[in-house]
Amino acid sequence: MIDQSQSLSEFIELANSEGDEAFLSDIEKELVSLESGIEKLELKNMLSGEFDLNNCILEINSGAGGTEAQDWADMLLRMYLRWAEDNNFKAVITDILDGDGAGIKSASIRVEGDYAFGYLKAEAGVHRLVRISPFDSNKRRHTSFAGISVIPEINDEINIEVNPADLRIDTYRSGGKGGQNVNKVETAVRITHIPTNTVAACQSERSQLSNRENAMKLLKSKLYLLEVEKREAARDELEKSKKRIEWGSQIRSYVFHPYNLVKDHRTDVETSDTQKVMDGDINRFIKEYLLQSFQV
């Protein structure tokens, strides 16, 4: 970053000495690149939590609103996949449950890359959509909700003991979007920790063994966080997102009618470019949330 700044300074001096305006476009590009790099460094300085550097699982669950909410959950799934692609994270859908006729009831995405949890923890909570329903023949305005949970992937160094007698393991046929994992055999795995009713599932791999290993890893992450909640409930980020997925509990609203507006209710950051947001441009919301949390 220092080298880039020095190089830009020398470039500006050269342009001034030669009086050549042709350098201006190149200087502007370098400035944009430098500003972007500084912004990323500022964000990373805010990410000092225990699990901020880790990969994570982002879970989407449709809430109040029926078919509308299931379609909204599907729209959010696309948004987060686009965000991951644009920000050089690897994202894989590990589990998905299709909706009743449209959208999805739930989905889990494993996001891999440095600070995946640190960034995406800003998205945990209830997301509210207001729009003219494409499923309503009378073209009425509908409000829909979906809940986002973000779970850090726990490193192998942390040993979580799980009694096999406390587990219920179910297998089922993989499905969901894409079709590549739809099998005639039951390769998908769902593991339930009976004492806590904690559920983890995976269907992204072709073998039942791999899906079972991944589901078990996610389950241990969830169980570890449950223990953290018991000890430090006030400090735990996940506790903040455990609100009912309905009116009054949203962290962000996406309004498509009667005007265009996406507003984060925690930070008051807003934009009228709803399409850009739905295409994955949510860094402005993440940055401000992290900045305000860091200052507290």
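**Stop 1: lysine 139**

Select lysine 139, in the loop between β4 and β5 (141–152). You are looking at a predicted model. Is lysine 139 buried or exposed? Its relative accessible area is 55%, and the cut-off for exposed is over 50%, so lysine 139 counts as exposed. Now check the backbone. Phi of lysine 139 is near 55°, a positive value in a residue that is not glycine.

**Stop 2: the whole protein**

Zoom out. Color by secondary structure and count: the protein has eight helices and eleven strands. Of its 296 residues, 44% count as buried. The protein exposes about 16000 Å². Carbon and sulfur atoms supply 46% of that area. Next, think about contacts between residues at least 6 apart in sequence. Of these, 61% join residues at least 24 apart.

**Stop 3**

Select residues 67–86, which make up helix α3. This helix has 20 residues. Draw a distance from its first C-alpha to its last: α3 reaches 29 Å, close to the 28 Å expected at 1.5 Å a residue. Most of α3 is covered, with 14 of its 20 residues buried. Step past the end of the helix to asparagine 88. Its phi is positive, near 65°.

Now look for the largest nonpolar core, which has 61 residues. Nonpolar side chains tend to be buried together in soluble globular proteins. Which residues have the most contacts inside this core? They are Tyr80, Tyr119 and Tyr254. Helix α3 gives the most to this core, with nine residues.

Select tyrosine 80 and show what surrounds it. Leave out its neighbours within four places in sequence. Tyrosine 80 is then in contact with Leu58, Ile60, Ile109, Leu120, Glu123, His127, Ile148 and Ile282.

**Stop 4: isoleucine 96**

Go to strand β2 (residues 90–98) and pick isoleucine 96. Its relative accessibility is 9%, under the 20% limit, so isoleucine 96 counts as buried. Isoleucine 96 and isoleucine 109 are 13 residues apart in sequence. In space, their C-alpha atoms are 8.8 Å apart.

**Stop 5: aspartate 52**

Move to the loop between α2 (24–46) and β1 (56–62), and select aspartate 52. Why does aspartate 52 count as buried? Its relative accessible area is 2%, and buried means under 20%, so aspartate 52 qualifies.

Show side chains. What does the side chain of aspartate 52 make a polar contact with? The partner is the side chain of lysine 121, at 2.9 Å. Leaving out residues up to four places away in sequence, aspartate 52 touches Met46, Leu47, Tyr115, Ala116, Phe117, Gly118 and Lys121.

**Stop 6**

Select residues 250–255, which form strand β9. Six of its six residues are buried, so β9 is largely enclosed by the rest of the structure.

Five bridges join β4 to β9, and the two run parallel. Find valine 130, which stands opposite valine 255 in β9.

Do β9 and β10 run parallel or antiparallel? They are antiparallel, joined by four bridges. Here serine 253 stands opposite lysine 263 in β10.

Follow the chain from β9 to β10. The two strands form a hairpin with five residues between them. Select proline 258 in this loop. The peptide bond from histidine 257 to proline 258 is cis, with omega near 10°.

**Stop 7**

Finish with β7 (188–193) and β8 (198–202). Five bridges join these strands, which run antiparallel. Find valine 189, opposite cysteine 202 in β8. Strand β8 is mostly covered: four of its five residues are buried.

How many residues lie between β7 and β8 in the hairpin? There are four. Select asparagine 197 in the turn, where phi is positive, about 55°. Asparagine 197 is not a glycine. Its relative accessible area is 58%, over the 50% cut-off, so asparagine 197 counts as exposed.

How values were computed. Residues numbered from 1 in each chain as written. Predicted model: local features only at pLDDT ≥ 70, side-chain atom pairs only at ≥ 80, totals over all residues. Heavy atoms only, no water. Buried < 20%, exposed > 50% of the residue type's maximum accessible area, 1.4 Å probe, protein only. Polar contact = N/O pair within 3.5 Å; in protein donor to acceptor, adjacent residues only side chain to side chain. Contact = heavy atoms within 4.5 Å. Expected span 1.5 Å × (residues − 1). Pairing = 2+ DSSP bridges. Areas by Shrake-Rupley, 256 points an atom, 1.4 Å probe, with all protein chains shown as cover. Core = buried A, V, L, I, M, F, W, Y, C linked by side-chain atoms within 4.5 Å.
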